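Please read the following report alongside the sequence and the 3D structure shown here.

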Amino acid sequence: METYSRKRTPEMALALVDYIPVANLRGEIRQELREHPNFVLIGETGSGKTTCLGPLLIELRDELKLKGKVGITQPRRIATTSVSDRVSDMMDSDVGGRIGYHVRYDDNTSSETDLTFMTDGILLKKIQYDPLLEEFAIIMIDEAHERSLNIDLCLGLLKLVNESRARLGINPIRIIVSSATIDRNLFADYIGYGDKTNSVEIQGQMFPVKVFYEKEELQISDYPMAAAKKIEQILNSGSQGDILIFMPGKKEIDQTTESILNEVDCSDIEILQLHSELSPEEQNKIFLPSQKRKIIVSTNIAETSVTIDGIIHVIDSGLVKQIQFDPRTGIDQLVLVEHAISGISQRMGRAGRTAPGFCHRLFTEKSLSRRQEFQTPEIQRSNLSQVILAMKKVGIEDIESFDFIQQPDRESIDHAIDLLTKLGALDEHGDITEIGEFMVELSIEPKLARMIIEASDPSSNCLNEICILASFLDGKNVFVRPSDPFLANIVDNIHARFKTNKESDFLTYLNVWQGYVQSGYSESWAQANYLNEKVLEEAVRVREELLNVLSLKGISIDSRARPKMNVDAIGRVLAVGMIDSILRNTKSGFKKIDNTKSEIFIHPSSVLGRVNFREGDYILSADIFMDAYGKTHASSCMYLKQEWIRDLIPQSNRYSEKSHKHAHKKSRNIYRNSRKRR
Ligand code: CDP
Ligand code: MG
């Protein structure tokens, strides 16, 4: 075994946090890890899976003399960096030393690193460039219950990596899956290859929770008021403890907050919100001690991602919002669904952590019989173009026979292959083209990558602008708009200053960028203009990395300010990347050119919102989505001159018969197709 001078050994590190269940049970877990090459650890949020398994896995690797690092994946960047800080502390090592992290565009590991925390996106990337994944001996997929596209894909690919290793006589990678208290059998079967004993569930501290139901079903509009009434009841009953309310989204959280303010005597309570649009600082407020009784109104984020102590009462709407992609229209819909049984049980459990608790369900007991046992995983309800491209990159020909933990729909696979072919990423045989390879290198959504590749043709003359736009479109909405109507009106006027061009929201983004750069990347400038500074910071990072990837390929950009933006060039390039999002104005409103079923409305936030269009006019939109009420909106829009897309439109319609035989053949010259089009 290796000796660690001065620095702590894994055992010393774990002994320090002995009060955490996983550290406390390290003897038993160590034994299980020795016995089962692939292993599932189930445990309550906060039981120490993420922070304590790493040291145990380093020990295991040394003991078994396995070659390679230990890797632990995380679903989010922020979790990755913060947990690597925490474990470095525990191990008395520097970040980037024995313990490192690797997130998109930021690799903080070294040759000394034993344990790398990385996002699942980074693991995917590593497998794409090293099909044997020789860097690692053990991989732990953490927070596997989230079932994101990347988690499902990484698990399937790891099995493939092990098959390749077996063929070459290399030790397989040990695969560890860790998850909150759901999906135990599914994971254990999947990675166990018949080993039925390869999972352990750590019991968190659980007190009994008494559950109450509604007698009648509520309408969606009734939930905020019903929650407020429940709070009043709890307060009047004299029962102690903080209250956690689960609502499906920000809108319902705002409404609930308002109902509480109207209905409840708030002198002794503090209302706090928790959802993903808040900054990390704002989210942290829920953890701060308070003189008053806390009422936390939250989305699903409090279900498994964070632990809040002191909760005695949970009020659960039993609803959740999720994105549902429709492969027939190519449009995402945000749908409000009844949450799965596993989800509502998890929510209930939040009440019994420190003392016996109460769970007030705002739905009927009868509704349990029609709820799914588990939530539908992302792979069965998402646009798969990025997944399929990743699979093609590692040479998987037959997507449908790939061993996913749960199979995606045939229709979604077809849609993705179709889109990737239109974008030139796949050829007529379904093989990855040079454009496709380049897209993978850019590590950004296929349509955005396609724009950049198109713009990297020297004659396009707009690469700088397109890289800026791609970095904006990659992130969340940069505009902050308060929910208070009076304030919103003032803020709209502030934002209007960026909307100088009435035909393109993309030029608005470029104005925002210019302002931000001129302010010296100033946080206060961003705040004064009601722009989300986190989104701006991320855009800077994404843009820099795009430029890095381009410069490695010998493509440099001229980022000097141009006297006049090249609107024509930008429009042409955007249309190539967003070929799937071109809309035509028909007698009955805007429709997608390849799917004329549903009418699409220009969102009021777009500069095109107030334009009178003629029939036959074309626009494109970077963000088309259907709301929970079935209305389809287009935001981030631009008016398209017919001459920009003349060659594109017939081509996209012709696509299925003729394919891009000549245009997208694997060739040394990736630009051949774009030149031909002009
Ligand atoms: O992964 P899991 O939810 O099982 O737990 P964890 O993230 O490993 O956290 C175990 C314990 O360490 C919890 O009680 C956390 O509150 C604590 N922790 C901490 O104090 N600081 C961190 N940066 C991470 C965890
Ligand atoms: Mg964790």
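This is a predicted model: local features need pLDDT of at least 70, side-chain atom pairs count only at pLDDT 80 or more; totals for chains, interfaces and linings use all residues.

Residues are numbered from 1 along each chain as its sequence is written, chains are lettered from A and ligands numbered from 1 in the order in which they are written, and side-chain values use heavy atoms, with hydrogens and water left out.

The chain is assigned domain 1 (10–202), domain 2 (209–376) and domain 3 (581–653); the bounds come from an automatic or database domain assignment. Between the C-alpha centres of domain 1 and domain 2 the distance is 31 Å. Their contact (heavy atoms within 4.5 Å) involves 10 residues of domain 1 and nine residues of domain 2.

About 790 Å² is buried between domain 1 and domain 2, with 42% from carbon and sulfur atoms. Buried area is the accessible area (1.4 Å probe) that two parts lose on being put together, summed over both. On the domain 1 side, E44, T45 and I182 lose the most area to domain 2, together 54% of what that side buries.

Two salt bridges (a side-chain nitrogen of Lys or Arg within 4 Å of a carboxyl oxygen of Asp or Glu) are found across this interface. R353 and E44 form a salt bridge through their side chains, at 2.8 Å from N to O.

| Residue | Distance to an oxygen atom of ligand 1 |
|---|---|
| T50 | 2.6 Å |
| T51 | 2.6 Å |
| R86 | 3.3 Å |

Taken alone, ligand 1 exposes 530 Å², and the protein buries 63% of that; accessible areas come from the Shrake-Rupley method with a 1.4 Å probe.

Note on methods. A polar contact is a pair of N or O atoms within 3.5 Å; within protein, one must be able to donate a hydrogen and the other to accept it, and residues adjacent in sequence count only if both atoms are side-chain atoms.
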